[in-house]
Amino acid sequence: MSNLRSLKIAGRTFESRLLMGTGKFPSNDIMKNALAASGTEIVTVALRRADLSNPNDNIIGAIDTNRYLLLPNTSGARDADEAVRLARISRAAGCEPWIKLEITPDPYYLLPDPVETLKAAEILVKEGFIVLPYINADPILAKRLEDAGTATVMPLGAPIGTNRGLKTADSIRIIIEQVQIPVVVDAGLGAPSHASEAMEMGADAVLVNTAIAVASDPIGMARAFRLGVEAGFTAYTAGLGEEKIQAEASSPLTGFLRNDS
Amino acid sequence: MSFADKIKMYDWEFVKSAIFAKTADDVKRALYTDKRTHNDLLALLSPAAEPFIEDMAQQAHKITLQRFGKIIQMYAPLYISNKCTNSCLYCGFNCTYKIDRKTLTEKEIIKEAEFICKLGFRHVLLVSGESPVDVPVSSFCRIAQILKKFFSSISIEIYPLSTDEYRTLIKSGVDGLTIYQETYNKITYKQVHPAGKKRDYKWRLTTPDRGGTAGFRRLNIGVLLGLSDWRVDGAFTGLHALYLMRQYWKSHISISFPRLRPATGGYEPEFPVDDSALVQLICAFRLFLPDSGLIISTREPEQLRNNLIPLGITQMSAGSKTSPGGYAMEEHADKQFEISDIRSPEDVAKTITLSGYEPVWKDWDKAFLNG
């Protein structure tokens with residue numbers, strides 16, 4: 001991760017390091033207010049939910065594209081063919097060529113298929129898409145995708161919608177260490193503290209949806225995640241202290257030995 | 001191994017006695033565990049769970065919120081034909097009844113589709129009696145190709161087909177298969193299906209297998225509540241769903257809870273299912289299968305449907321017409337059964353919104369199948 005204040009993806013600069021999803025909200029108004037409260041600048045929408053041919057579509061209509069980058073996603077795709085087809089349709093309908101690549105053949109845990117994801121990423125990058133792939137926290141896959149030319153990698157903390165936090169922390173650490181493109185921790189973050197933890201580890205950004213959408217007060221929770229992300233990022237750039245087993249006094253007793261006077 | 005082999009290991013009477021032997025402790029264990037087994041489902045369906053319905057409802061609500069959020073996906077049935085060669089005792093399309101029968105022409109289907117589309121629906125369920133002479137598979141394929149223009153998702157609830165026939169339907173743009181076993185009790189099954197192809201229990205039982213093999217994205221199963229003991233049929237439905245989820249792991253499984261409604265012929269359900277039982281059944285399924293779609297149709301009355309919204313239901317029909325031509329044609333044929341919730345889709349959507357939920361009209365895209 002870079003220490004730059006702003007997040008840079010594919011040459012574009014963002015002040016917020018919190019990306020947001022749009023599923024599961026009780027209404028579009030609540031979603032709109034939650035997006036505003038989160039401070040996000042990148043909003044992902046499932047292409048299967050959006051009616052791109054209809055300018056009055058309720059979900060697309062609720063997102064102010066002057067304010068947010070609309071990031072269409074291929075959620076629901078089972079293989080590379082389907083994902084590529086969806087991406088092309090979104091671009092043909094006038095969306096920017098950004099695509100969040102999600103290929104989840106199993107409809108229950110919605111875990112990403114690494115083989116199909118790499119295949120689709122290779123095709124889409126060649127076609128000029130800016131590809132943000134959702135992946136399991138697999139460092140080798142992350143490197144392969146970077147080689148293929150994706151704009152980010154988006155490893156999961158835990159399966160989508162589970163709120164279980166950074167179950168894959170050790171692997172995400174390796175990914176952060178090894179890749180040179182932004183690492184966006186994508187799924188499973190259930191509390192602002194989880195988002196903080198990911199940012200403290202050195203993630204470039206996080207994407208949150210369920211934890212905000214299903215909170216009793218989604219707008220309050222969006223604000224809380226904004227603060228969590230900012231706290232984690234600030235802590236990371238400020239330089240966290242090392243973890244130790246034994247106590248070490250803040251004012252050492254033998255300090256006088258190093259004192260000249 | 002198809003489900004026909006799997007089910008051999010389970011005897012109806014044995015499952016029934018296992019359910020009735022469950023105690024309050026079994027129910028508590030089933031309620032407060034992380035991962036539920038089929039044995040837990042039996043406990044949740046048992047009479048011992050009745051005092052715990054509120055706890056089940058609370059948990060079901062929490063799980064649904066977590067997995068689906070506050071959304072209800074909307075769909076509408078489109079009846080193609082009420083001609084039928086079967087004689088199901090409970091069904092208004094029974095071939096022995098002298099009713100006004102009709103198979104819609106393509107022109108008429110387009111008229112119906114336009115009407116349904118104007119109501120807001122983008123998910124449609126094609127329904128038809130079993131009459132391969134009047135509506136062969138090739139007709140359904142053609143209909144699907146026409147309807148792709150109007151809808152982002154097309155499912156079918158028609159007579160069982162072979163795997164290859166299902167493949168041709170999928171190629172034509174059909175993504176979901178609805179097929180109810182009606183009852184898993186073999187004896188009752190034979191009694192209520194005295195004649196016709198539907199009499200073949202095993203052919204019907206293995207239909208979701210053929211659909212799964214062909215590659216349907218959505219498999220929707222269920223029993224007709226009222227034909228047999230709902231607890232036992234519930235246990236078998238759970239078993240079937242679990243099997244399908246494992247066997248056809250790329251297909252999403254959903255469960256419907258149709259209660260028998262008054263229809264021509266006046267069949268009286270032998271095992272009526274009251275509201276409390278229906279709620280117990282729905283909550284038990286949400287707890288057992290946290291990610292499955294749970295569907296409630298306009299068979300149920302307005303008030304009950306409103307109250308079921310937070311309990312685990314994820315899909316609803318609205319403003320349904322159960323006869324061919326029922327939406328847009330002045331002269332339409334006779335219906336399959338009387339619906340109960342007669343509100344317009346707009347009114348149902350309003351109620352959903354007022355309950356703090358979002359009615360979702362489109363949650364699929366034809367691009368998934370063939371662009």
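User: Why is the crossing of α3(A) and α4(A) called right-handed?

Analyst: In this predicted model, the crossing of α3(A) and α4(A) is right-handed, because the term applies when the near helix is turned clockwise from the far one. The two helices, residues 80-92 and residues 114-126 of chain A, pack at an angle of about 35°, with their axes 8 Å apart.

User: What makes the contact between α3(A) and α4(A), by class?

Analyst: From α3(A) come A:Ala80, A:Val84, A:Ala87 and A:Arg88, and from α4(A) come A:Glu116, A:Lys119, A:Ala120, A:Ile123 and A:Leu124. By class, that contact has six nonpolar, no polar and three charged residues.

User: Why is the meeting of A:Arg48 and B:Asp363 called a salt bridge?

Analyst: The side chains of A:Arg48 and B:Asp363 meet with N to O at 2.7 Å, and the rule asks for a side-chain nitrogen of Lys or Arg within 4 Å of a carboxyl oxygen of Asp or Glu, so the pair qualifies as a salt bridge. Across the interface of chain A and chain B the rule finds two salt bridges.

User: How do you know that chain A and chain B are in contact, and how much area do they bury between them?

Analyst: With heavy atoms within 4.5 Å as the criterion, 31 residues of chain A are in contact with 32 residues of chain B. The two chains bury about 2,600 Å² between them, 48% of it on carbon and sulfur atoms. On the side of chain A, A:Arg48, A:Arg78 and A:Tyr108 lose the most area to chain B, together 29% of what that side buries.

Notes. Residues numbered from 1 in each chain as written. Chains lettered and ligands numbered in written order. Predicted model: local features only at pLDDT ≥ 70, side-chain atom pairs only at ≥ 80, totals over all residues. Heavy atoms only, no water. Buried area = accessible area lost by both parts, 1.4 Å probe. Axes fitted to C-alpha atoms, helices over the stretch in contact; angles between N-to-C directions. Helix = DSSP H or I, 4+ residues; strand = E, 2+ residues; numbered from the N terminus. Nonpolar A, V, L, I, M, F, W, Y, C, P; charged D, E, K, R; others polar.
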